[in-house]
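Subject: Structure for you to look at

Hello,

Here is the structure I promised to pass on. Please open it beside this email as you read.

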Amino acid sequence: DGDEPAPVVHHLREANEHLTLAALNAQASATEAREAHHRQNEFLAMLAHELRNPLAPIRIAADLLASGRADGEMSPEQLKLIIEGQVTHLSRLIDDLLEGSRVGTDKLRLECHVVDLVEVLAASVATCQPAVNTRLQRLQVNMPNGPLHFYGDPVRLTQAFSTLLNNASKYTPAGTRLQVSAMPD
């Protein structure tokens, strides 16, 4: 009789240890799931912001085209190019959204190569020009005559510079001058 309780106690301790480990693992899994959900929400919020950025230039350019108010500075062809460039950017963002692995890494895709920064800045200026014109602002652009080679993603760089220019225009009083300069070292 004296030997029987010891194996039962041993089995109970073992079962208790397994339950404790299972509870700890479940708690760790729940914490990991909450953190992954939080990262996903942050990524989606960032992506929503990125998706909204190209809409303003598209809307302004489309309004100017539809109303026939394309002024002397922006031809219908230039406005069409702005819309096409922003639609390309939107398409890439949507591709990032559809590629589920991006959510886990919290990163958007970069397609880096040597680009001409003068062309990137010119595209950014063209994208923002309709909004600048609407606010009766003057945008002075100082660029070198030749290319400025830079390693980066032209779509992301254009978006970054466009955002900076749009914010400068939005938070600067109407009728003032904005300036963009890029010069080689």
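Below is what was found in it.

Please keep in mind that this is a predicted model.

First, the salt bridge. The structure holds one. Its partners are the side chains of Glu-84 and Lys-80, at 2.8 Å from N to O. Both residues sit in helix α3, which spans residues 76-98. They are four residues apart, about one turn of that helix. Side chains of opposite charge can pair when their charged atoms come close. Glu-84 has a relative accessibility of 35%, so it counts as partly exposed. Lys-80 is partly exposed too, with a relative accessible area of 37%.

Next, Gln-159. This residue belongs to helix α6, residues 154-170. Is Gln-159 buried or exposed? Its relative accessibility is 6%. Buried means under 20%, so Gln-159 counts as buried. What does Gln-159 touch, leaving aside residues up to four places away in sequence? The contacts are Glu-50, Asn-53, Pro-54, Gln-86 and His-89.

Last, the strands. Strand β4 covers residues 177-181, and its side chains alternate. Leu-178 and Val-180 point to one face and are buried.

Best wishes

Methods. Residues are numbered from 1 along each chain as its sequence is written. This is a predicted model: local features need pLDDT of at least 70, side-chain atom pairs count only at pLDDT 80 or more; totals for chains, interfaces and linings use all residues. Side-chain values use heavy atoms; hydrogens and water are left out. A salt bridge is a side-chain nitrogen of Lys or Arg within 4 Å of a carboxyl oxygen of Asp or Glu. Helices (H or I, at least four residues) and strands (E, at least two) are DSSP runs, numbered from the N terminus. Buried means under 20% relative accessible area, exposed over 50%, partly exposed in between (1.4 Å probe, protein chains only). Contact means heavy atoms within 4.5 Å.
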